[in-house]
Amino acid sequence: MTHPQRIAVVGAGLAAVSTCDALRAQGYDGELTLYSAEHGLPYDRPPLSKDVLLGKARRDDVLLRPERWYEEQRVELREGTRVRALRPHEGGLELIDGSIVGTDMIVLATGGTPRALPVPGGDDPAVHLLRTWEDAEWLRERLLPGARVAVVGAGLIGAETAAVAQALGCRVTLIDPVPVPLAAVVGDDIASALHLRHSAEGIEVITAGVERVEARTGGALLHLHGYGEAIAADTVVVGIGIRPATELAEAGGLAVDNGIVVDAGQRTSHPNVFAVGDVARRDGHRVRHEHWEAAQQGGEAAARGILGRPVPEPGAPWFWSDRHGSRLEAVGTMADAERTVRRGAPEDSAAFTVFGLRGDRVVAAAAIDRARDIKAARRLVDRRTVVDPVHLADENTDLRALLRR
């Protein structure tokens, strides 16, 4: 169906709103309904582990679009409305109350659910996940000066939360079984520099896995594998990744394999169902990209796919993370590189860049506080530009000049 009259978007994150925005921008004039399981206007999630926890941002500050946008763009927002089942063969959706609503096409933007701590006691009331506005509000009230906070998982969310808790005066312990988290994504040099920063800022860093959680009045006790001393905490925050929320897709008979499998236009195995954001995985690509820009681009691609228009090939994945007053930026995946080239010495400055090369082309780059390097690196990766590693390493070489050679 090239010109649907009714489109239903299930979910209310960035991918969902971006899909609605792109459909209107590309001239779609039919009915557009967005189903949100949460109450309130859709909001941006990355600030939850940063400015929201720090108390610098209120909900109005992190809205994806102001209230008037939904009226101006004729997007019907159904707050607090869960979808129970897909009925694409019948041209509809089944809501949680059993009612059926008609639609010509469905866009699944159901995102992911945070992974719970899979150990005995992992569901203790002191153990907390961070995914929603309510999660952030609950946690912010407990990040008080002197509070003992244990963060399990030193990936992006865990590291950001630990840094915020430390900045607020908490006594923070960061626990992860991997000695250098994120190394596969950003490379050993950048990952090591980031991880060492935690200790330099006064965070206790422990390399171990959690064996069990023991309840304690007003908190919990974490027993770790191979670590003699149990860790006492008033609050435990778990940041060990998310699971794609594929339940609706699986029940609806869609192809699912580490996410809902989609083509370049975000179309699933059913011709009238599309999927975007953290829940979708491009067919032929081994990973899902759980990043802000990927969600935005997925919405734009879905709009083109729905309207039967060509979809441009996306550039290399890019993401950022803020911690301890510094910004990490990365493009591509360092695991795809055969060798690395460093620009700037970490022993001389906290800011440096690492490029990942395959043959004579840059396939990835990561940097701490070097936005200009990453901006140039994105273009080098996307254009498959042949480069001389000596020029990459030379601080006197203007990276933009490499694009003109």
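Predicted model: local features only at pLDDT ≥ 70, side-chain atom pairs only at ≥ 80, totals over all residues.
Reader: Why is Cys20 called buried?
Author: Buried means under 20% relative accessible area, exposed means over 50%, and partly exposed lies in between, with a 1.4 Å probe and protein chains only. Cys20 has 0% relative accessibility, so Cys20 counts as buried; Cys170, at 8%, is likewise counted as buried.

Reader: How many disulfides does the structure hold?
Author: The structure holds zero disulfides, where a disulfide is a pair of cysteine sulfur atoms within 2.5 Å.

Reader: What makes Asp21 and Arg65 a salt bridge?
Author: The term requires a side-chain nitrogen of Lys or Arg within 4 Å of a carboxyl oxygen of Asp or Glu. In the pair of Asp21 and Arg65 the closest N and O atoms are 2.7 Å apart, and this value is within 4 Å, so the pair is called a salt bridge. Asp21 lies in helix H1 (residues 14–25) and Arg65 in the loop between helix H2 (51–54) and helix H3 (67–72), so the bridge ties together parts that are 44 residues apart in sequence. Helices here are DSSP runs of H or I with at least four residues, and strands are runs of E with at least two, numbered from the N terminus. Asp21 is partly exposed at 25%, whereas Arg65 is buried at 19%.

Reader: Why does the pair of Asp61 and Arg58 count as a salt bridge?
Author: The closest N and O atoms of Asp61 and Arg58 are 3.7 Å apart, and because the limit is 4 Å, the pair qualifies. Arg58 has a relative accessible area of 61% and is therefore exposed, while Asp61, at 45%, counts as partly exposed.

Reader: What does the salt bridge between Asp234 and Arg148 tie together?
Author: The closest N and O atoms of Asp234 and Arg148 are 2.9 Å apart. Asp234 lies in the loop between strand S15 (231–233) and strand S16 (235–238), and Arg148 in strand S10 (residues 148–152), so the pair ties together parts that are 86 residues apart in sequence.

Reader: How many salt bridges does the structure hold?
Author: The structure holds 30 salt bridges, and Arg84, Arg87, Glu90 and Glu94 are linked in a network of them.

Reader: Which residues form a positive surface patch?
Author: The patch is formed by Arg372, Lys375, Arg379, Arg383 and Arg404. Patches are made of residues with over 30% relative accessible area and no salt bridge, with like charges joined within 9 Å and nonpolar side chains (Val, Leu, Ile, Met, Phe, Trp, Tyr) within 5 Å. Lys and Arg count as positive and Asp and Glu as negative, with His and the chain ends not counted. Lys375, one of the patch residues, lies in helix H10 (residues 371–383) and is exposed because its relative accessible area is 61%.

Reader: Why is Gln266 called buried?
Author: Gln266 has a relative accessible area of 11%, and this is why Gln266 is called buried. Gln266 is found in the loop between strand S18 (260–262) and strand S19 (273–275), and has a positive phi of about 70 degrees although it is not a glycine.

Note on methods:
Residues numbered from 1 in each chain as written. Heavy atoms only, no water. Areas by Shrake-Rupley, 256 points an atom, 1.4 Å probe, with all protein chains shown as cover. Charge placed at Lys NZ, Arg CZ, Asp CG, Glu CD.
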